Amino acid sequence: MYSSRITGMGFYVPDNIVTNDDLSKMMDTNDEWIQERTGIQERRWIKEGSDDTTSTMGVKASKIAIERAGLTKDDIDFIIFATLSPDHFFPGSGVLIQDMLDMPNVGALDVRNQCSGFVYSLSIADQFIKTGMYKNILVIGSEYHSGALDKTTRGRNLAVLFGDGAGAAVLSRSEDNSRGILSTHLHSQGEHAEVLTVKAPSIIHWIPAILNAKEEDTSYHPFMDGQKVFKNAIVRFSEAISEGLDANNLTAEDIDMFIPHQANLRITQFVQRRFKLSDDQVYSNIQKYGNTTAASIPIAMCEAWEQGKIKEGDLVVIAAFGSGFTWGSVVIRW
Ligand code: COA
């Protein structure tokens, strides 16, 4: 059986930096509250009038990833695109990327698993490569959150957390079974679907409901029960990491780099303490970018690799938790 290796990575974030002080001019919040509770100092938000969208940011990240893999667009056999903020209700953004990258007739699949989207996508890509169906798969996570956030005091518990950006990786077939993705582990618990959600627009909140919506109707903005998310996140992150380590007869001491979904610095620090990981074993960049949902892991992984923090032979563990609830992990021998 083949194994799949990450051969190239890239990321793109909009130029426009929005600091906590900038937010305090839009809503009743402050730098101290945001940093103390989340670790976030600033995030990138697409500037009004910019050409950036979920799909164009994905294209920019993809071009870098494909080039770094030493490939051209013609070598890519399949596209997997993870997002909760697609350009259109349908079709998905994967086909827009396929067109923009000029990859005629290559299959494109959208994955709608929110913060776990990139973990789910890597797992799907891994199966296609291990079975021999595809050789090189482009896996992308991209989010344009700032367009849908309620940037008033009413929406402050969510608006301060999220940022825009995209990350991409090329997963390629390898004959060396001791390297690459060792295992992936995916879970969900739909009974908590309403704890972190945007209900509209949707097919059950269609045009008449949108046109008649009152200002106080919050269905059109993301909703989150932050404390419930937090409590579940620390449990599920830990379970997913343990599951990945156990499946490969490894322990936390074997981890060279842990890359969590960048949800909240306090969640990451809890997991770090739980597994007794040193600062060198964990990568965090939520301070600069906020929570970019499906894009957060590929952006963090790419940055860590660019900084020389991921080397050949390293054991890299990725884990995510988010809306759905969905969660999972990926164990990689780099
Ligand atoms: N600025 C200032 N005050 C704020 C605020 C903001 N941006 N957002 C909320 N508050 C206020 C609340 O209104 C509340 O005020 P009150 O006590 O007068 O009612 C107070 O701060 C505490 O709110 P609470 O929601 O209890 O805070 P918290 O300590 O739970 O922190 C989160 C809120 C969102 C930071 C935290 O719950 C969290 O990180 N949850 C997980 C979120 C997450 O990871 N989401 C992504 C999943 S992938």
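In the predicted model, an oxygen atom of the ligand lies 2.9 Å from an N or O atom in the side chain of Arg156, and an oxygen atom of the ligand is likewise found 2.5 Å from an N or O atom in the side chain of Asn264. The protein covers 73% of the 960 Å² of accessible area that the ligand has on its own. A nitrogen atom of the ligand, in turn, is 2.6 Å from a polar side-chain atom of Thr29. There are 22 residues around the ligand, and those that come nearest are Thr29, Arg37, Gly226, Gln227 and Asn264.

Asp52 is placed in the loop between strand 3 (42-44) and helix 3. With a relative accessible area of 9%, Asp52 falls under the 20% cut-off and is therefore counted as buried. The side chain of Asp52 makes polar contacts with the side chain of Tyr12, at 2.7 Å, and with the side chain of Lys60, at 2.8 Å. When residues up to four places away in sequence are not counted, the residues that Asp52 touches include Pro14, Ile46, Met57 and Tyr144.

Helix 3 comprises the 15 residues 54-68, which at 1.5 Å a residue should span 21 Å, and the distance of 22 Å between its end C-alpha atoms agrees with this expectation. Among the buried residues of helix 3 are Thr54, Met57, Gly58, Ala61, Ala65 and Ile66, and what covers the buried residues of this helix includes strand 1 (3-12), strand 4 (78-82), helix 4 (93-100), strand 6 (136-143) and strand 7 (165-174). Helix 3 is followed by Gly70, whose phi is positive, near 75°.

Terms used: Residues are numbered from 1 along each chain as its sequence is written. This is a predicted model: local features need pLDDT of at least 70, side-chain atom pairs count only at pLDDT 80 or more; totals for chains, interfaces and linings use all residues. Side-chain values use heavy atoms; hydrogens and water are left out. Helices (H or I, at least four residues) and strands (E, at least two) are DSSP runs, numbered from the N terminus. The expected span of a helix is 1.5 Å times one less than its number of residues. Buried means under 20% relative accessible area, exposed over 50%, partly exposed in between (1.4 Å probe, protein chains only). Contact means heavy atoms within 4.5 Å. A polar contact is a pair of N or O atoms within 3.5 Å; within protein, one must be able to donate a hydrogen and the other to accept it, and residues adjacent in sequence count only if both atoms are side-chain atoms. A residue is near a molecule or strand if one of its heavy atoms lies within 4 Å of it. Accessible areas come from the Shrake-Rupley method with a 1.4 Å probe; for residues, only the protein chains shown count as cover.
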